[in-house]
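Welcome! Open the model in your viewer, and let us walk through it one selection at a time.

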Amino acid sequence: MNNPPPQSTAADYLVQSLQAEGVTHVFGYPGGAALPVYDALDRNSAVTHILVRHEQSAAHAADGYSRSSGRVGVCLVSSGPGVTNALTGIATAFMDSIPMVVLTGQVPSHMLGQDAFQEVDALGITRPCVKHSFRLSDPDKIEETVKKAFFLARTGRPGPVLIDLPRDISAARMARPFAYPGDVKIRGYNSGSSIPHKQVARAALALSEAKRPLIYYGGGVVQGGASAALGKLALASGAPVTSTLMGLGAFPSTHPAYLGMLGMHGLYEANMAMQNCDVLVAVGARFDDRVIGAPKDFMRPQRKIIHIDIDPSSISKRVSVQIPIVGDCAQALERLTEELAVHAPDPARLAPWLAQIDEWRGLRCLDYASSDKIKPQHAIELLSRMRGAQDFIVTSDVGQHQMWAAQYFKFTKPRNWINSGGLGTMGFGLPAAMGAAMANPGKTVICITGDGSIQMSTKELSTCLQYRLPIKIICLNNNFLGMVKQQQEFFHENRRSQSYMDSLPDFVGLAEAYGHKGLRADNSRDLPGVLAQAMSHTDSLVFVDLLIDRTENVFPTLASDQPLTAMMLRPQVVSEEL
């Protein structure tokens with residue numbers, strides 16, 4: 001490694017830099033501008049390249065790899081349409097704060113700006129959806145650039161970082177030994193700060209005096225490895241806990257203090273507690289529109305909000321915060337729990353609040369009627385009750401199936417629930433499952449999808465065959481773009497414009513054409529057996545096509561411009577604030 005062979009190029013040093021960062025898998029699709037990097041990958045057996053069938057899938061697979069493992073995902077695409085195809089996957093990772101390094105081939109340096117074949121301004125078009133970007137102009141800077149990219153991707157608020165590689169630079173011969181830096185400093189970049197003791201003390205006092213406290217957490221708890229610290233605070237404070245879509249699993253859904261997911265399709269008790277609490281501890285969450293609706297309907301003058309987040313720009317961005325705590329979520333929660341012990345809160349003060357919550361729970365907002373038809377809620381519940389389900393890694397696409405999975409699957413561990421939250425990207429589920437399967441060999445990986453979403457990524461069934469990925473695809477098939485149909489029924493006088501999915505493929509036949517196993521169920525009697533049969537094929541991909549009740553919609557639901565207390569329930573319930 002210290003004496004480079006004559007053929008060593010900057011691309012060779014790039015791949016060795018990836019190896020130094022502990023990278024074992026790169027998801028990509030080759031093209032002319034990226035070929036020097038592909039040559040280098042061919043010469044280095046320590047880094048395995050996974051050939052996807054579309055560049056968007058490369059980004060999604062790297063994303064799923066990262067979410068399920070906690071490591072930085074890596075994808076590699078070529079110039080022009082390679083970059084533009086990957087853009088949706090990059091934006092998906094950016095919206096959900098997922099650490100990822102994106103390597104993009106580029107036309108030779110002397111051709112930049114001349115409308116060369118397959119030239120696009122990779123830095124310009126990705127600037128709004130990356131944490132940072134580099135264009136390599138000096139091959140001697142390759143190791144330092146990779147080190148900076150990984151450092152930026154994983155520190156502070158995580159996110160994707162892009163390295164644009166002009167072909168002449170990546171193909172340049174290296175006349176010096178490979179030298180990967182041990183650390184890196186970036187001027188003006190502060191990856192974190194100490195936890196402010198004064199603010200922690202204020203937060204502990206407010207929480208100890210609260211009569212209606214609530215802990216509300218999001219994906220930052222997952223990304224920050226703060227699950228254990230969150231559990232300690234919940235125990236010490238006695239406060240009930242609610243989660244965003246992105247936070248599911250970081251606090252066990254089976255815990256008595258857990259109220260379920262909140263927001264547009266959240267549980268009644270969670271939304272009512274969110275709207276009526278007097279002290280709110282928000283951890284690694286950003287009060288987005290799908291969680292609280294319009295800020296004007298959420299804010300209450302008598303409520304104190306404690307907001308813990310590593311990103312200072314997230315604090316008071318949508319709602320006014322009385323006690324901000326900027327810093328690492330795990331450290332802040334540990335300090336808050338320690339400080340709370342000094343104030344010794346009286347558990348009896350919470351009795352009326354917990355009784356009110358039990359009353360809200362009594363509405364049983366997730367109840368649904370049984371039927372000979374397959375109820376999607378029942379299908380998810382059966383999956384959740386299967387042996388070993390607590391260790392399943394579940395990915396989803398976007399739509400009704402995503403919400404049913406979030407509501408009815410009992411997640412008890414972080415990094416076992418992987419979905420596109422902020423961007424809401426259809427086609428995410430299967431490639432994300434591929435990345436999760438690569439990162440977690442031997443674990444059961446399930447992709448819950450719909451008949452609309454899966455058609456955006458069926459080509460990746462070929463990738464799954466090539467790499468023998470035993471993913472279980474559960475397709476909740478209702479012949480509709482389900483969430484579109486639901487909103488048309490509720491808010492557009494049932495005008496189902498372009499939401500009916502006519503001429504669907506035979507998904508069982510399609511799976512078998514790609515060399516996989518296909519199963520189908522169209523009634524509730526056969527459902528348990530079909531799911532059990534799918535899980536029995538431990539070494540192969542199984543596509544399960546479930547023909548569900550087309551009349552089912554996701555409840556509770558909420559119009560995007562309505563307050564949390566205006567939920568539509570099954571049956572309709574008129575809610576009132578305390």
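Start by selecting N440, which is buried at a relative accessible area of 14%; buried means under 20% relative accessible area, exposed over 50% and partly exposed in between, with a 1.4 Å probe and protein chains only. N440 sits in the loop between α18 (429-439) and β15 (445-450); helices (H or I, at least four residues) and strands (E, at least two) are DSSP runs numbered from the N terminus. Beyond its neighbours within four places in sequence, N440 is in contact (heavy atoms within 4.5 Å) with S68 and I393.

A note on what you are viewing: this is a predicted model, where local features need pLDDT of at least 70 and side-chain atom pairs count only at pLDDT 80 or more, while totals for chains, interfaces and linings use all residues. Residues are numbered from 1 along each chain as its sequence is written, and side-chain values use heavy atoms, leaving out hydrogens and water.

Next, select the cysteines. How many disulfides are there? The count is zero, taking a disulfide as a pair of cysteine sulfur atoms within 2.5 Å. Show C129: its sulfur is 11 Å from the closest cysteine sulfur, in C75, so it is too far for a bond. C129 is also buried, at 9% relative accessibility. Then move to C277, which is in no disulfide, as the nearest cysteine sulfur, that of C365, is 18 Å away. C277 is buried too, with a relative accessible area of 3%.
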